[in-house]
There are 2 protein chains.
Amino acid sequence: MPHVINKPPRASGEYRRGADVFKGLGHPSRLLIVDVLAGGEQCVAELTELVGSDASTVSNHLAVLRNVGLVTDERRGQHVFYRLAAPCVTKVFHCLEELLQARA
Amino acid sequence: MPHVINKPPRASGEYRRGADVFKGLGHPSRLLIVDVLAGGEQCVAELTELVGSDASTVSNHLAVLRNVGLVTDERRGQHVFYRLAAPCVTKVFHCLEELLQARA
DNA sequence: ACGAGATATGGACATCTTGCCATATTGCCA
DNA sequence: TGGCAATATGGCAAGATGTCCATATCTCGT
(Lines give C-alpha, C1' and ligand atoms only; values in the text may rest on other atoms or scores of the structure.)
Protein backbone atom coordinates (compact mmCIF):
# COMPACT_ATOMS: atom_id res chain seq x y z
CA MET A 1 0.00 0.00 0.00
CA PRO A 2 2.65 2.56 0.91
CA HIS A 3 3.37 5.02 -1.81
CA VAL A 4 6.62 5.53 0.03
CA ILE A 5 7.81 2.64 -2.01
CA ASN A 6 5.75 3.00 -5.12
CA LYS A 7 5.62 6.72 -5.54
CA PRO A 8 2.21 7.72 -6.89
CA PRO A 9 -0.81 7.35 -4.60
CA ARG A 10 -2.71 4.21 -5.47
CA ALA A 11 -5.90 3.89 -7.42
CA SER A 12 -9.00 4.50 -5.35
CA GLY A 13 -10.02 0.88 -5.77
CA GLU A 14 -6.98 -0.28 -3.88
CA TYR A 15 -7.71 2.11 -1.07
CA ARG A 16 -11.20 0.75 -0.82
CA ARG A 17 -10.03 -2.83 -0.52
CA GLY A 18 -7.39 -1.83 1.98
CA ALA A 19 -9.86 0.21 3.98
CA ASP A 20 -12.18 -2.78 4.11
CA VAL A 21 -9.46 -4.85 5.73
CA PHE A 22 -8.89 -2.21 8.40
CA LYS A 23 -12.61 -1.81 8.86
CA GLY A 24 -12.63 -5.50 9.63
CA LEU A 25 -10.25 -4.86 12.51
CA GLY A 26 -12.22 -1.80 13.59
CA HIS A 27 -14.45 -3.42 16.18
CA PRO A 28 -13.43 -4.50 19.69
CA SER A 29 -14.98 -7.95 19.38
CA ARG A 30 -13.34 -8.62 16.04
CA LEU A 31 -10.02 -7.36 17.32
CA LEU A 32 -10.33 -9.73 20.25
CA ILE A 33 -11.12 -12.58 17.90
CA VAL A 34 -8.12 -11.85 15.70
CA ASP A 35 -5.91 -11.55 18.74
CA VAL A 36 -7.05 -14.93 19.98
CA LEU A 37 -6.58 -16.49 16.55
CA ALA A 38 -3.04 -15.14 16.51
CA GLY A 39 -2.43 -17.78 19.15
CA GLY A 40 -3.84 -20.56 17.01
CA GLU A 41 -7.09 -21.69 15.47
CA GLN A 42 -10.28 -21.79 17.51
CA CYS A 43 -13.81 -23.02 17.00
CA VAL A 44 -16.81 -20.71 17.00
CA ALA A 45 -18.08 -21.98 20.33
CA GLU A 46 -14.83 -21.04 22.04
CA LEU A 47 -14.74 -17.64 20.37
CA THR A 48 -18.35 -16.99 21.31
CA GLU A 49 -17.47 -17.76 24.90
CA LEU A 50 -14.54 -15.35 24.87
CA VAL A 51 -16.39 -12.53 23.15
CA GLY A 52 -19.40 -12.93 25.38
CA SER A 53 -22.01 -11.93 22.81
CA ASP A 54 -24.83 -13.79 21.16
CA ALA A 55 -23.68 -16.65 18.93
CA SER A 56 -25.28 -15.05 15.90
CA THR A 57 -23.47 -11.81 16.59
CA VAL A 58 -20.14 -13.59 16.76
CA SER A 59 -21.00 -15.48 13.61
CA ASN A 60 -21.61 -12.16 11.90
CA HIS A 61 -18.28 -10.80 13.06
CA LEU A 62 -16.56 -13.90 11.75
CA ALA A 63 -18.30 -13.44 8.42
CA VAL A 64 -16.95 -9.89 8.26
CA LEU A 65 -13.42 -11.09 8.94
CA ARG A 66 -13.83 -13.85 6.39
CA ASN A 67 -15.17 -11.52 3.72
CA VAL A 68 -12.21 -9.20 3.91
CA GLY A 69 -9.81 -12.12 3.81
CA LEU A 70 -8.43 -11.87 7.33
CA VAL A 71 -9.45 -15.36 8.38
CA THR A 72 -10.31 -18.69 6.83
CA ASP A 73 -12.64 -21.32 8.16
CA GLU A 74 -12.56 -25.08 8.05
CA ARG A 75 -15.23 -27.46 9.21
CA ARG A 76 -14.08 -30.46 11.23
CA GLY A 77 -16.90 -32.54 12.57
CA GLN A 78 -19.62 -30.43 14.05
CA HIS A 79 -17.29 -27.55 14.75
CA VAL A 80 -16.01 -24.85 12.43
CA PHE A 81 -12.47 -23.70 13.10
CA TYR A 82 -11.23 -20.27 12.21
CA ARG A 83 -7.62 -19.25 11.74
CA LEU A 84 -5.71 -16.21 10.53
CA ALA A 85 -5.35 -16.11 6.76
CA ALA A 86 -1.99 -14.35 6.98
CA PRO A 87 0.45 -14.66 9.86
CA CYS A 88 1.56 -11.13 9.05
CA VAL A 89 -1.41 -9.82 11.02
CA THR A 90 0.64 -10.49 14.11
CA LYS A 91 3.13 -7.89 12.97
CA VAL A 92 0.34 -5.39 12.52
CA PHE A 93 -0.46 -5.89 16.19
CA HIS A 94 3.06 -5.00 17.14
CA CYS A 95 2.70 -1.77 15.21
CA LEU A 96 -0.58 -1.06 16.90
CA GLU A 97 1.04 -1.57 20.27
CA GLU A 98 3.72 0.92 19.31
CA LEU A 99 1.07 3.41 18.32
CA LEU A 100 -0.94 3.06 21.51
CA GLN A 101 2.26 3.38 23.48
CA ALA A 102 3.34 6.51 21.67
CA ARG A 103 0.02 8.17 22.30
CA ALA A 104 0.15 7.61 26.04
CA MET B 1 -1.79 -6.01 21.33
CA PRO B 2 -0.91 -9.59 20.48
CA HIS B 3 -1.63 -12.07 23.16
CA VAL B 4 0.85 -14.20 21.29
CA ILE B 5 3.40 -12.36 23.30
CA ASN B 6 1.52 -11.53 26.43
CA LYS B 7 -0.57 -14.63 26.88
CA PRO B 8 -3.99 -13.66 28.21
CA PRO B 9 -6.36 -11.77 25.89
CA ARG B 10 -6.30 -8.09 26.76
CA ALA B 11 -8.84 -6.14 28.70
CA SER B 12 -11.80 -5.04 26.63
CA GLY B 13 -10.77 -1.43 27.06
CA GLU B 14 -7.58 -2.05 25.16
CA TYR B 15 -9.44 -3.70 22.36
CA ARG B 16 -11.68 -0.70 22.10
CA ARG B 17 -8.79 1.71 21.82
CA GLY B 18 -7.08 -0.53 19.31
CA ALA B 19 -10.23 -0.95 17.28
CA ASP B 20 -10.61 2.81 17.15
CA VAL B 21 -7.19 3.12 15.56
CA PHE B 22 -8.10 0.58 12.87
CA LYS B 23 -11.45 2.22 12.40
CA GLY B 24 -9.50 5.36 11.63
CA LEU B 25 -7.81 3.54 8.76
CA GLY B 26 -11.08 1.98 7.68
CA HIS B 27 -12.11 4.51 5.08
CA PRO B 28 -10.68 4.89 1.57
CA SER B 29 -10.16 8.64 1.85
CA ARG B 30 -8.45 8.35 5.20
CA LEU B 31 -6.28 5.53 3.95
CA LEU B 32 -5.27 7.68 1.01
CA ILE B 33 -4.44 10.54 3.36
CA VAL B 34 -2.30 8.34 5.57
CA ASP B 35 -0.56 6.91 2.55
CA VAL B 36 0.27 10.37 1.31
CA LEU B 37 1.47 11.44 4.74
CA ALA B 38 3.75 8.42 4.80
CA GLY B 39 5.68 10.31 2.14
CA GLY B 40 5.94 13.43 4.28
CA GLU B 41 3.80 16.14 5.81
CA GLN B 42 1.16 17.91 3.76
CA CYS B 43 -1.18 20.82 4.24
CA VAL B 44 -4.95 20.45 4.22
CA ALA B 45 -5.33 22.20 0.89
CA GLU B 46 -3.07 19.68 -0.81
CA LEU B 47 -4.81 16.73 0.85
CA THR B 48 -8.21 18.10 -0.10
CA GLU B 49 -7.04 18.30 -3.69
CA LEU B 50 -5.82 14.70 -3.64
CA VAL B 51 -8.90 13.28 -1.94
CA GLY B 52 -11.24 15.21 -4.20
CA SER B 53 -13.98 15.77 -1.63
CA ASP B 54 -15.39 18.86 0.01
CA ALA B 55 -12.91 20.66 2.26
CA SER B 56 -15.14 20.17 5.27
CA THR B 57 -15.31 16.44 4.57
CA VAL B 58 -11.55 16.18 4.43
CA SER B 59 -11.29 18.25 7.58
CA ASN B 60 -13.57 15.77 9.28
CA HIS B 61 -11.46 12.83 8.15
CA LEU B 62 -8.37 14.56 9.46
CA ALA B 63 -10.12 15.09 12.78
CA VAL B 64 -10.85 11.38 12.96
CA LEU B 65 -7.22 10.51 12.30
CA ARG B 66 -6.12 13.07 14.84
CA ASN B 67 -8.51 11.84 17.51
CA VAL B 68 -7.22 8.28 17.35
CA GLY B 69 -3.64 9.50 17.46
CA LEU B 70 -2.59 8.54 13.96
CA VAL B 71 -1.59 12.03 12.90
CA THR B 72 -0.57 15.31 14.44
CA ASP B 73 -1.15 18.79 13.10
CA GLU B 74 0.91 21.93 13.22
CA ARG B 75 -0.10 25.38 12.07
CA ARG B 76 2.45 27.31 10.03
CA GLY B 77 1.17 30.56 8.69
CA GLN B 78 -2.23 30.18 7.12
CA HIS B 79 -1.77 26.50 6.48
CA VAL B 80 -2.12 23.54 8.80
CA PHE B 81 0.28 20.71 8.16
CA TYR B 82 -0.48 17.12 9.05
CA ARG B 83 2.03 14.37 9.54
CA LEU B 84 2.04 10.77 10.77
CA ALA B 85 2.27 10.50 14.53
CA ALA B 86 4.18 7.21 14.34
CA PRO B 87 6.41 6.16 11.47
CA CYS B 88 5.46 2.60 12.28
CA VAL B 89 2.28 3.05 10.30
CA THR B 90 4.37 2.53 7.22
CA LYS B 91 5.11 -0.99 8.37
CA VAL B 92 1.43 -1.64 8.81
CA PHE B 93 1.00 -0.78 5.16
CA HIS B 94 3.52 -3.41 4.19
CA CYS B 95 1.53 -5.97 6.12
CA LEU B 96 -1.65 -4.84 4.42
CA GLU B 97 -0.01 -5.27 1.05
CA GLU B 98 0.97 -8.79 2.00
CA LEU B 99 -2.61 -9.49 2.98
CA LEU B 100 -4.11 -8.12 -0.21
CA GLN B 101 -1.56 -10.09 -2.18
CA ALA B 102 -2.31 -13.32 -0.39
CA ARG B 103 -6.01 -12.97 -1.03
CA ALA B 104 -5.61 -12.51 -4.77
C1' DA C 1 -33.92 -41.41 9.69
C1' DC C 2 -34.31 -38.63 14.10
C1' DG C 3 -32.93 -35.61 17.66
C1' DA C 4 -29.45 -32.71 19.52
C1' DG C 5 -25.65 -29.61 19.32
C1' DA C 6 -23.04 -26.16 16.52
C1' DT C 7 -23.16 -22.36 12.97
C1' DA C 8 -25.23 -19.53 9.70
C1' DT C 9 -28.79 -16.54 7.87
C1' DG C 10 -32.63 -13.12 7.58
C1' DG C 11 -35.56 -9.62 9.73
C1' DA C 12 -36.20 -5.63 12.80
C1' DC C 13 -34.58 -1.82 15.31
C1' DA C 14 -31.38 1.38 17.33
C1' DT C 15 -27.09 3.58 16.61
C1' DC C 16 -23.13 5.28 14.17
C1' DT C 17 -21.00 7.11 9.94
C1' DT C 18 -20.59 9.94 5.86
C1' DG C 19 -21.02 13.89 2.97
C1' DC C 20 -22.40 18.33 1.98
C1' DC C 21 -24.03 22.92 3.19
C1' DA C 22 -23.79 26.98 5.86
C1' DT C 23 -21.42 29.21 9.25
C1' DA C 24 -17.62 30.15 12.56
C1' DT C 25 -12.69 30.86 13.40
C1' DT C 26 -7.94 31.92 12.54
C1' DG C 27 -3.95 34.29 10.39
C1' DC C 28 -2.09 37.20 6.69
C1' DC C 29 -1.61 41.40 4.28
C1' DA C 30 -3.06 45.72 2.35
C1' DT D 1 -8.73 47.40 10.90
C1' DG D 2 -11.07 45.07 6.83
C1' DG D 3 -11.17 41.54 3.98
C1' DC D 4 -9.54 37.32 1.94
C1' DA D 5 -7.81 32.61 2.04
C1' DA D 6 -7.43 28.31 4.76
C1' DT D 7 -9.55 25.18 8.29
C1' DA D 8 -12.81 23.81 11.52
C1' DT D 9 -17.47 23.00 13.39
C1' DG D 10 -22.58 22.12 13.67
C1' DG D 11 -26.63 20.33 11.51
C1' DC D 12 -29.14 17.36 8.68
C1' DA D 13 -30.47 13.32 5.52
C1' DA D 14 -28.96 8.96 3.55
C1' DG D 15 -26.82 4.93 4.13
C1' DA D 16 -24.05 1.46 6.75
C1' DT D 17 -23.39 -1.30 11.08
C1' DG D 18 -24.29 -3.91 15.37
C1' DT D 19 -27.23 -6.71 18.05
C1' DC D 20 -30.68 -9.76 19.11
C1' DC D 21 -34.37 -13.10 18.06
C1' DA D 22 -36.23 -16.70 15.36
C1' DT D 23 -35.30 -19.95 12.16
C1' DA D 24 -32.68 -22.67 8.85
C1' DT D 25 -28.67 -25.75 7.84
C1' DC D 26 -25.29 -29.10 8.72
C1' DT D 27 -23.01 -33.14 11.30
C1' DC D 28 -22.87 -36.65 14.38
C1' DG D 29 -24.57 -40.41 17.35
C1' DT D 30 -28.29 -43.42 18.21
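**Figure 1. Surface near DNA strand C in the predicted model.** Seven nonpolar, 13 polar and three charged residues form the surface near DNA strand C (Ala, Val, Leu, Ile, Met, Phe, Trp, Tyr, Cys and Pro count as nonpolar, Asp, Glu, Lys and Arg as charged, and the others, Gly among them, as polar). Two or more residues each come from α3 (44-51), α4 and β3 (79-84) of chain A and from α4 of chain B; helices (H or I, at least four residues) and strands (E, at least two) are DSSP runs numbered from the N terminus. The most is given by α4(A), with six residues. This is a predicted model, in which local features need pLDDT of at least 70 and side-chain atom pairs count only at pLDDT 80 or more, while totals for chains, interfaces and linings use all residues. Residues are numbered from 1 along each chain as its sequence is written, and chains are lettered from A and ligands numbered from 1 in the order in which they are written.

**Figure 2. Surface near DNA strand D.** Around DNA strand D lie 24 residues, the closest being Asp54(A), Ser56(A), Val44(B), Ala45(B) and Ser56(B). Eight of the residues on this surface are nonpolar, 13 polar and three charged. At least two residues each are supplied by α4 (55-67) of chain A and by α3 (44-51), α4 (55-67) and β3 (79-84) of chain B. With six residues, α4(B) gives the most.

**Figure 3. Contact between chains A and B.** In chain B, 43 residues are in contact with 44 residues of chain A (C-beta atoms, placed from the backbone, within 7 Å). On the chain B side, α1, α2 (28-37) and α5 (89-103) each supply at least two residues, and α5(B) gives the most, with 13. That side comprises 25 nonpolar, nine polar and nine charged residues.

**Figure 4. Crossing of α2(A) and α1(B).** The axes of α2 (residues 28-37) of chain A and α1 (residues 12-25) of chain B come within 8 Å and cross at roughly 105 degrees (axes are lines fitted to C-alpha atoms, for helices over the stretch in contact, and angles run from 0 to 180 degrees between N-to-C directions). The two helices are therefore roughly perpendicular (65 to 115 degrees). Pro28(A), Leu31(A) and Leu32(A) meet Ser12(B), Tyr15(B), Arg16(B), Gly18(B) and Ala19(B).

How values were computed: A residue is near a molecule or strand if its C-beta atom, placed from the backbone, lies within 6 Å of it. Angles under 35 degrees count as roughly parallel, over 145 as roughly antiparallel, 65 to 115 as roughly perpendicular and the rest as oblique. Two residues are in contact if their C-beta atoms, placed from the backbone, lie within 7 Å.
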